[in-house]
Amino acid sequence: MVTTHATPVRCGVCGSESQQRNLRSVSQMGPPDLDLRPAEMARSTMAHWLQQCPGCGYVAPRLDAADESAADIVHAGPYRALLAETGYPPLARRFLCRAMLLEETGDLHGAAEATLHAAWVADDARKPDLARSWRLDAVALFRQGPRPDLEQRVRIIDILRRAGDFGGAVALVQGIFGIGGEA
């Protein structure tokens, strides 16, 4: 069961007020995938994971919480171009905008998570090329940030596998077990 409620929220970037839907509760029917994509019903709630301001396009789990750098990023050309990109599913754009904000503020693992969420949306939209590309982008972001722990490296193996980078996945497995390749 999924329950949501609408609340008025004032954007922390532009001050616009909008109604945003928030999750109150969600049931999950089974374990998540190895890359941590949740099982249904939780999987169907992705549209509620982030809020988007209809005024400026700022994307965050909570629109009313914006740090000082968010406005500069949101008003910059790359963010505006991403918002206007019609070749991407709208929900994927939302996750990619969040990834851009996180990457620009130095939260590379958070950016990787948001990029991976965009890949899940591309899977559902039957856009395998976008899903593959965004998975590989997510792996690059995970690797640029602090060294992933063992659990995260196992997750990266699955992300690489799903992206079709079997050589990269095998190399990471070999590194974990000290057989050669990367650790």
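Visitor: Axes here are lines fitted to C-alpha atoms, for helices over the stretch in contact, and angles run from 0 to 180 degrees between N-to-C directions. On that basis, at what angle do α3 and α4 pack?

Guide: In this predicted model, the angle between α3 and α4 is about 170 degrees, and their axes lie 8 Å apart.

Visitor: Are they roughly parallel or antiparallel, then?

Guide: Angles over 145 degrees count as roughly antiparallel, and α3 and α4 are therefore roughly antiparallel to each other.

Visitor: Which residues make that contact?

Guide: From α3, the contributors are Leu91, Ala92, Phe95, Leu96, Arg98, Ala99, Leu102 and Glu103. Helix α4 brings Leu108, Gly110, Ala111, Ala114, Thr115, His117, Ala118 and Val121. Sorted by class, the contact of α3 with α4 has 11 nonpolar, 3 polar and 2 charged residues.

Visitor: And how does α2 pack with α3?

Guide: Helix α2, residues 77-84, packs with α3 at about 170 degrees, with the axes 9 Å apart. That angle makes α2 roughly antiparallel to α3.

Visitor: What meets what there?

Guide: Pro78, Tyr79, Leu82 and Leu83 of α2 meet Arg93, Leu96, Cys97, Met100 and Leu101 of α3. The classes in the contact of α2 with α3 are 8 nonpolar, no polar and 1 charged.

Visitor: Moving on: how do α4 and α6 pack?

Guide: Helix α4 (residues 108-124) and helix α6 (residues 150-162) have an angle of about 30 degrees, and 13 Å separates their axes. The crossing of α4 past α6 is left-handed.

Visitor: Which residues are involved?

Guide: Glu113, Leu116 and Trp120 on the α4 side meet Gln152, Arg155 and Ile159 on the α6 side. This contact of α4 with α6 comprises 3 nonpolar, 1 polar and 2 charged residues.

Visitor: New topic: how much space lies in the largest pocket?

Guide: The largest pocket holds about 160 Å³ of space.

Visitor: What lines it, and which helix supplies the largest share?

Guide: The lining consists of Leu82, Tyr88, Leu96, Ala99, Met100, Glu103, Thr115, Trp134, Asp137 and Leu141. Helix α3 gives the largest share, 4 residues. Both α3 (90-104) and α5 (128-144) supply at least two residues each.

Visitor: How many lining residues are nonpolar, polar or charged?

Guide: The lining of the largest pocket divides into 7 nonpolar, 1 polar and 2 charged residues.

Terms used:
Residues numbered from 1 in each chain as written. Predicted model: local features only at pLDDT ≥ 70, side-chain atom pairs only at ≥ 80, totals over all residues. Heavy atoms only, no water. Left-handed = near helix turned anticlockwise from the far one by under 90°. Contact = heavy atoms within 4.5 Å. Nonpolar A, V, L, I, M, F, W, Y, C, P; charged D, E, K, R; others polar. 1 Å grid on protein atoms, 1.4 Å probe; cavity = no way out; pocket = protein on both sides within 12 Å on 5 of 7 lines; lining within 4 Å. Points joined across faces, edges and corners; volume = space filled by probe spheres on them. Parallel < 35°, antiparallel > 145°, perpendicular 65-115°, else oblique.
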